[in-house]
Amino acid sequence: RSYKQTPRQLVSAKDMHYQSADGRTILDGTAGLWCSNAGHCRDEITAAIAETAATMDFGPTFNMGHPLPFALASRVAALMPEGLDRIFFTNSGSESVDTALKIALAVQRARGQGTRTRLIGRERGYHGTGFGGISVGGIVNNRRWWQGLPGVDHLPHTHDLARNAFSRGFPAHGAELADDLERLVALHGAETIAAVIVEPMAGSTGVLIPPVGYLERLRAICTRHGIILIFDEVITAFGRVGGATAAGRWGVTPDIITMAKGLTNAAVPMGAVAVHRSVHDDIVHGAADGIELFHGYTYSGHPVACAAALATLDLYERDGLFHRAEELGSYWADAAHGLRGLPHVIDVRTIGLVAGIELQPRPGAPTKRAMELFHACFDNGLLVRATGDIIALSPPLILERAHIDQMFGMLAEQLRQLD
């Protein structure tokens, strides 16, 4: 309804900018939707897509294959933390999450732990729109609208505005929140819990950055109790926080990593799940004759998607885009935190090339203020993301300092005019 009242249409894109239907240039402050990390309409990617579509538009991957998924799997595996070198291809982040949850259940069964069927998510977590992802997710409206899977519980979220407001990088307070997993183990029994899934940095709920030591504690508890740890890196993988993954960048290795978005620079839908070799081997070698894992998608390893992904990974490597968060991170953080003290701003949080600007909710009208700011920015040439009362920024990694100045200058100007 809101869109139809005031349609905001984008008709083309190149590098750091969109063109709107009414002829305006829009600076992309969100990499599309956390996904066009190498900028838009890169020639190398579009050429790879066209060539592959003309060579083989589709190749089935049930009981047969073609070379591109194997080539891509090798490239993706080389970017993962040590041991996570078995790759399953999907078509989206939602499919990656549901795939990871199935793999976690399957490996527990293969290890003789068939009673481990419970899944643990986290409040304010977002894991896509499949029933598995909604069930472990903690977005309230998703859970109100759709009945999730049984046997799911949730950890508390890590957002602590009172103690951690205006943090740069990892907030100082909140590592102890990971210990709530011990409470869930005591409540349900470790023998019932298959997996825990968290975003290393929660993006869709408004840029919630893990406190110092939080992920390490979560990893230790999962290891102690035989629980599979899944990192949902649909947003954080491929350079967003520096490095190929948040796991690798931050030195905490899960058993499974889910990915999508930046894998193909969003030029073709695709996702992937990286699985520790021990998890893969226990499932495959422990299976009876026949199908080892009852799961798969028609379009898994689609040739055109694989071609887009291979070209994207080439660009990331050639242009050093995984290092951009290190090179520009301080300048980015200084610009973002320069909004402190402006009207309505109650928090700014930054890590890598991500920023969350939290606004004081308007009395009696939560979320309205951020949505009005989103509209004002778009109408004045800047694309941002509004989620709740938070403005999220996650630009293409090809940005320069002038783009940063423009983004936060526009936000400051519009904040001063916002009711």
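## Crossing of H15 and H16

A crossing is right-handed if the near helix is turned clockwise from the far one by less than a right angle, and left-handed if the turn is anticlockwise. In this predicted model, helices H15 and H16 make a right-handed crossing. H15 covers residues 368-379 and H16 covers residues 401-417. Their axes come within 10 Å and cross at roughly 125 degrees. The two helices are therefore oblique to each other.

Leu373, Ala376 and Cys377 form the H15 side of the contact. Met410, Leu411, Gln414 and Leu415 form the H16 side. By class, the contact of H15 with H16 holds 6 nonpolar residues, 1 polar and no charged.

## Crossing of H4 and H13

Helix H4 spans residues 67-79, and helix H13 spans residues 303-318. The axes come within 9 Å and cross at roughly 35 degrees. The crossing of H4 and H13 is left-handed.

H4 contributes Leu68, Pro69, Ala71, Leu72, Arg75, Val76 and Leu79 to the contact. From H13 come Pro303, Cys306, Ala307, Ala309, Leu310, Leu313, Asp314 and Glu317. These residues of H4 and H13 divide into 12 nonpolar, no polar and 3 charged.

## The sheet

The model holds an open sheet of 7 strands. The order is S4-S10-S9-S8-S7-S5-S6, and the pairing is mixed. Strand S4 (86-90) and strand S6 (152-155) are the edges, each pairing on one side only. From one strand to the next, the twist averages 20 degrees.

Strands of a sheet pair through backbone hydrogen bonds, in either the parallel or the antiparallel sense. Isoleucine 256 has valine 275 in S10 as its bridge partner.

## Around strand S5

Isoleucine 120 stands opposite valine 196 in S7. S5 and S6 also run parallel, with 4 bridges between them. There, leucine 119 has valine 152 in S6 as its bridge partner.

How many of the residues of S5 are buried? The count is 4 of 5, and the strand is mostly covered. Helix H10 (residues 214-225) lies across S5 (118-122), S6, S7 (193-198) and S8 (228-232). H10 runs at about 150 degrees to S8.

Technical notes: Residues numbered from 1 in each chain as written. Predicted model: local features only at pLDDT ≥ 70, side-chain atom pairs only at ≥ 80, totals over all residues. Heavy atoms only, no water. Axes fitted to C-alpha atoms, helices over the stretch in contact; angles between N-to-C directions. Contact = heavy atoms within 4.5 Å. Nonpolar A, V, L, I, M, F, W, Y, C, P; charged D, E, K, R; others polar. Pairing = 2+ DSSP bridges. Buried < 20%, exposed > 50% of the residue type's maximum accessible area, 1.4 Å probe, protein only. Parallel < 35°, antiparallel > 145°, perpendicular 65-115°, else oblique.
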